[in-house]
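Subject: Structure handover

Hello,

Please find the structure below, with the sequence. My notes on what was found follow it.

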Amino acid sequence: MTKDQIKADIEAGSNDAAEKAHVAGLTGDEFDHVLEIVTEPSRYVSVEHGREVVLTRDGGVLKYTGASRYSGSSLSKEQGITVGERVVGLDTMELGNSDYSFKPCKAIAYDEAQHMENAQMVSIIPLFYGAMPNLGSYYQSLGGPWPAPTDLLKNGKIKESRETQEHAADDLKTDIIYLAKIMDQSGADGLDFDTTAAYGDAEFYASLNAIEQVKRETNLAVEVGMAGEMIMGMHCELDYQGTRLAGLWPHQQGKLVEKAGASMFGPVVNTRTTKSFPWNLGRALAFVKTVTKEVQIPIHCNMGMGVCGVPMAEVPPMDAVTRAAKAMVEIADIDGV
Amino acid sequence: MAIGMGGLRTAGDLVARTQMEKKLKIREAKAYVAKKLAVEPVTLADEYAMAELRKKLDIGLIIGLTGYAKGLAAKARIARTCDFRINSVTKLFEKTR
């Protein structure tokens, strides 16, 4: 791409975000700054001294142990924590199950707690326990107890579809609290909600209410990473403290996460795979810039494969990843990744 | 890692704990830790300075030097130095009082 093409794509991406979410896009100086970052000739780029941010690690040990989608290393969970802390130099780490959702973790909660207790004896950095709310795991299509709302909607059963989501949301909240209390007892520093609201507004509803209860009844810090830039309206009539959840954009999601009592919010902007890296980066920056302005808790932008400007690739290219990260720090003013 | 603080290499874990417990944005979190450690915020990401300081305060190092606090002992010292409530440390004291 030429410089003009790159700049045009950055502007087009920013304008797309501004139009969709009714947020301010990037300004003239910011476009030039992003262009400078993207066209820097070095392979990797970094931030100025003093602008370093905190890296919180969702997925955690999964990345350094036997999960086939990650490194596939033959290490235990405790060894994975040590790798993250003492070899990689992360600021926090996370324990999690390879079936990384709250529902399957419930059955093995005490086994997971044992790993947490072992890890807490020898680690120094903060350790979270992480899982996805994954409301879909409560539906019969994925082995859960409740009829899937999509099956009901196909047959025009809107009321029944809403009811099944409400039942599933209650079960999800129960499981989150169950796991949170066991992890609190085991000395965990925090609970991480990964890909929150992947199944839409009912999942977000369950998560927000669970966060409130976790904060009331445990000593755990809560970090919330989202699944997408907009909350899908699967139910459409659920609200949290008077705000309807369907259709919320990142800055609106973050305000509710803050109200629920979480310590950190991780916005997500999904990468559009038919568009260029500059387009996706411009778009992500416009969304996240608004989040950091309007949400008062630390913002830890999700920057893995396919989110917040990072290309959708199993092995993300480091030139793009470092450019996206630098841009997020210097333009969107994030507090962490 | 291009933009991160580097965890135990510097003061990344301490700034992370500040964000988790006190919900402070990055500049305020760094200012908080810097004040507790009696250094300038820019020093917090200086590996050499922080290694020496962490040895002096005995709050955990990324290298495995013998005789220095590790694991729960390091966290107990971090909790005291930075005025954090660290869950595993609280549990330790509940078991050992």
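The contact between the two chains takes 42 residues from chain A and 34 residues from chain B. Two residues count as in contact if their C-beta atoms, placed from the backbone, lie within 7 Å. This is a predicted model, in which local features need pLDDT of at least 70 and side-chain atom pairs count only at pLDDT 80 or more, while totals for chains, interfaces and linings use all residues. Residues are numbered from 1 along each chain as its sequence is written, and chains are lettered from A and ligands numbered from 1 in the order in which they are written.

On the side of chain B that touches chain A, helix H1 (12–22), helix H4 (71–82) and helix H5 (87–96) of chain B each supply at least two residues. Helices (H or I, at least four residues) and strands (E, at least two) are DSSP runs, numbered from the N terminus. H1(B) gives the largest share of that side, eight residues. By class, that side of chain B has 16 nonpolar, nine polar and nine charged residues. Here Ala, Val, Leu, Ile, Met, Phe, Trp, Tyr, Cys and Pro count as nonpolar, Asp, Glu, Lys and Arg as charged, and the others, Gly among them, as polar.

In H5(B), the buried residues are B:Asn87, B:Ser88 and B:Val89. A residue is buried if 20 or more other C-beta atoms lie within 10 Å of its own, exposed if 12 or fewer, and partly exposed in between. The buried residues of H5(B) pack against helix H5 (109–122) and helix H7 (158–185) of chain A, together with H4 of chain B.

Next, the strands of chain A. In strand E3 (residues 190–196) of chain A, seven of seven residues are buried. Strand E2 (residues 127–131) of chain A runs parallel to E3(A) and is joined to it by four bridges; two strands pair if DSSP finds at least two bridges between them. On its other pairing, E3(A) is parallel to strand E4 (residues 221–226) of chain A, over five bridges. A:Asp192 is the bridge partner of A:Gly130 and also stands opposite A:Glu223 in E4(A).

Last, helix H2 (residues 28–38) of chain A. Its residues A:Glu30, A:Val34, A:Ile37 and A:Val38 are buried. The buried residues of H2(A) pack against helix H1 (3–21), helix H10 (277–294) and helix H11 (318–330) of chain A. Exposed residues A:Gly28, A:Asp29 and A:Glu36 sit on the face of H2(A) turned away from its buried side.

Regards
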